[in-house]
Amino acid sequence: MRTSQFLLATLKETPADAEIVSHQLMLRAGLIRQVAAGIYNWLPTGFRVLRKIERIVREEMDASGAQEMLMPAVQPAELWQESGRWEDYGPELLRLTDRHDRGFCIGPTHEEVISVLARGEIRSYRQLPLNFYQIQTKFRDEVRPRFGVMRAREFIMKDAYTFDISAQGMQHSYDIMYDAYARIFQRLGLEATAVEADSGTIGGSHSHEFHVIANSGEDAIAQCLEAGYSANVEKVSLPIPKHTRPSATAEMKTVATPGVHTIQALCKFLTAPPESTLKTLLVKGVEGPVALVLRGDHELNQIKAEALDRVATPLQFTNAEEVQKATGVEPGSIGPVELSIPVIADYDAVTLANFVCGANVDGHHLVGVNWGRDLPEPQQADLRRAIDGDPCPLDSSKSLTIRRGIEVGHVFQLGTKYSEALDVTCLDASGKTQTLYMGCYGIGITRIVAAAIEQSHDANGIIWPDPIAPFDVCIVPIGLKKSVKVQEAIESLYHQLHAAGFDVLLDDRDERPGVMFSEMDLIGIPHRLVIGERGLKSGTVEYRNRRDQAAQDYPLETLVETLKTLSNI
């Protein structure tokens, strides 16, 4: 490809509304342009990256025994009503009606559609196992789309669905797909890790997320490499602390704290460490509000809270009006002392003595509070998110390390959740009707592009892994319009590289070398060749790898073979 025939839509300035590096660089490098909030055009440069990711995904999916197909983006409401998800899925499901006033949705996922297909096509256990996949556009109506394609409303996903006659068969299919995902991310050239995860709205009994490790990741991952443990922090179970609670040594007192509504403000006002404070969160319960109490420096794990018998599902925090009605005070002054609603305290919160908490009086807090003396011993539960240094669930003598990750894939064991609801059955070996076991497996194709950039970039632009770069190599000529020798050399090299299987971008614009160098760095092309008359006199070409600062000269005569070695192509 020649730049004179290619839409090289680079930008000099970073758009003001682009918050994270991947969004900034995808706009500046001309990969995407916004059409509406969370909806993007993929320009030729970005589309080439997508196609390379899709090729690797397809190859590994086909090798795993999966069969590619295509399902409709628009799905009838009755399928979602039959599965029970029409109302449960929430406002992210984009609903619409046709001219006959029939309900439809734009598919965020395809469990219903594939289940009905299987219901009509699978008759006998002899047809199983089966694995179907597609690469298709999805739509989820995010309340606040942000970070470019990282949290977009419209996106491309590879989703796959397996059908088996037994739970053991489902596990076998799951293991095959898990291994295929590991190979996919390895081939994409990404540092990725699989972690135990919550199944969320998709459901099922068991799931793993695949995360690209990046400091900007939205998800926190708890790892203990010594014990071989890795999980999303939402999934980490924490034990009751081994240390005993200190004795009560302080007298409980009420302190005026005007205008103090957060733990940070409270600690500053009282000159107290956050680990000596308690915060009380009110959530909606099965029979009215429930108070969840945590140490001031800890965060609530909403997945754990939602699993409590007293707490309503899905988890919802009470609003200011409901807080006032339940406690008589505004949010920010609530505490567990003499609270007239059920109190559930995190294990670590119960180990505190002489702590600080809300006084249930507006603008006041209590200091020197102690369990068992100033308020009853509470119901205890594991409520908080894991943090650095927490004990490893597999070996409590070892500690967890928290890293940031970007979720790019998720595999689920669905069991019979959808097949029961949608009556997906077949005859087993004894001729009896058997409900099928399902698995589902998703990879965010468009999100991988952003994740790769977040993981690997520098001040000059994107640094692509070789397998997914829009072009393998760029040729930058010096003095192209002035030198016939340079023109002949680049044309010959251009065709030689193409014949050898390289994706080549020839920068044939009439631009200054510095402009061409900076734009090739911005786009992130892994291998750059610079050809000028000075090098041609000595029979050499300047080569530079995008990841290196220094350039090196190589003989022009053997350059194609040299580049094959340098690029592993």
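In helix α14 (residues 513-523), the buried residues are Val515, Met516, Glu519, Met520, Asp521, Leu522 and Ile523, where buried means a relative accessible area under 20%, exposed means over 50%, and partly exposed lies in between, as found with a 1.4 Å probe on protein chains only. Helices (H or I, at least four residues) and strands (E, at least two) are DSSP runs, numbered from the N terminus. Helix α14 is followed by Gly524, whose phi is positive, near 90°.

The model is predicted, so that local features need pLDDT of at least 70 and side-chain atom pairs count only at pLDDT 80 or more, while totals for chains, interfaces and linings use all residues. Residues are numbered from 1 along each chain as its sequence is written, and side-chain values use heavy atoms, with hydrogens and water left out.

Strand β28 (residues 527-531) is largely enclosed by the rest of the structure, because five of its five residues are buried. In a regular strand the side chains alternate between the two faces of the sheet. In β28 both faces are covered, with His527, Leu529 and Ile531 buried on one side and Arg528 and Val530 buried on the other. Two strands are taken to pair if DSSP finds at least two bridges between them. Strand β26 (residues 473-477) pairs with β28 in the parallel sense over five bridges, and in β28 it is Val530 that stands opposite Val476. Strand β29 (residues 540-545) runs antiparallel to β28 and is joined to it by four bridges, with Glu542 of β29 standing opposite Val530.

Leu559 belongs to helix α16 (residues 559-567) and is buried, with a relative accessible area of 1%. When its neighbours within four places in sequence are left aside, Leu559 is in contact with Leu493, Leu529, Val541 and Tyr554, contact being defined as heavy atoms within 4.5 Å. Leu529 is also one of the buried residues of β28. Between Leu559 and Gln496 there are 63 residues in sequence and 9.7 Å in space, C-alpha to C-alpha. Elsewhere, Ser64 is found in the loop between α2 (44-63) and β3 (67-68), where it counts as buried at 18% relative accessibility. Apart from its neighbours within four places in sequence, Ser64 is in contact with Asn131, Ile176, Met177 and Ala180.

Pockets were identified on a 1 Å grid over the protein atoms alone, a pocket being an open set of points with protein on both sides within 12 Å along at least five of seven lines, and lining residues being those with an atom within 4 Å of a point. The second largest pocket holds about 360 Å³ of space. Of the 20 residues that line this pocket, His261, Lys279, Thr280, Leu281 and Gly332 are the closest to its centre. At least two residues of the lining come from each of α7 (263-270), β14 (278-283) and α9 (320-327), and β14 gives the most, with five residues.

No disulfides were found, the count coming to zero, where a disulfide is a pair of cysteine sulfur atoms within 2.5 Å. The sulfur of Cys224 has its closest cysteine sulfur in Cys392, 3.8 Å away, which is too far for a bond. For Cys267 the closest cysteine sulfur, in Cys357, is 13 Å away and likewise too far for a bond. Cys224 is buried, with a relative accessible area of 3%, and Cys267 is buried as well, at 11%.

Several features of the backbone remain to be described. Most residues other than glycine have a negative phi, and most peptide bonds are trans. The peptide bond from Leu128 to Pro129 is cis, with omega near 0°, and Pro129 lies in the loop between α5 (111-121) and β7 (130-139). A cis peptide bond also leads from Thr313 to Pro314, with omega near -5°, and Pro314 has its place in the loop between α8 (302-306) and α9. Thr271, although not a glycine, has a positive phi of about 55°; Thr271 is found in the loop between α7 and β14 and counts as exposed, at 72% relative accessibility. Asn360, also not a glycine, has a positive phi of about 60° and lies in the loop between β17 (355-358) and β18 (364-369), where Asn360 is buried, with a relative accessible area of 16%.

Conventions. 1 Å grid on protein atoms, 1.4 Å probe; cavity = no way out; pocket = protein on both sides within 12 Å on 5 of 7 lines; lining within 4 Å. Points joined across faces, edges and corners; volume = space filled by probe spheres on them.
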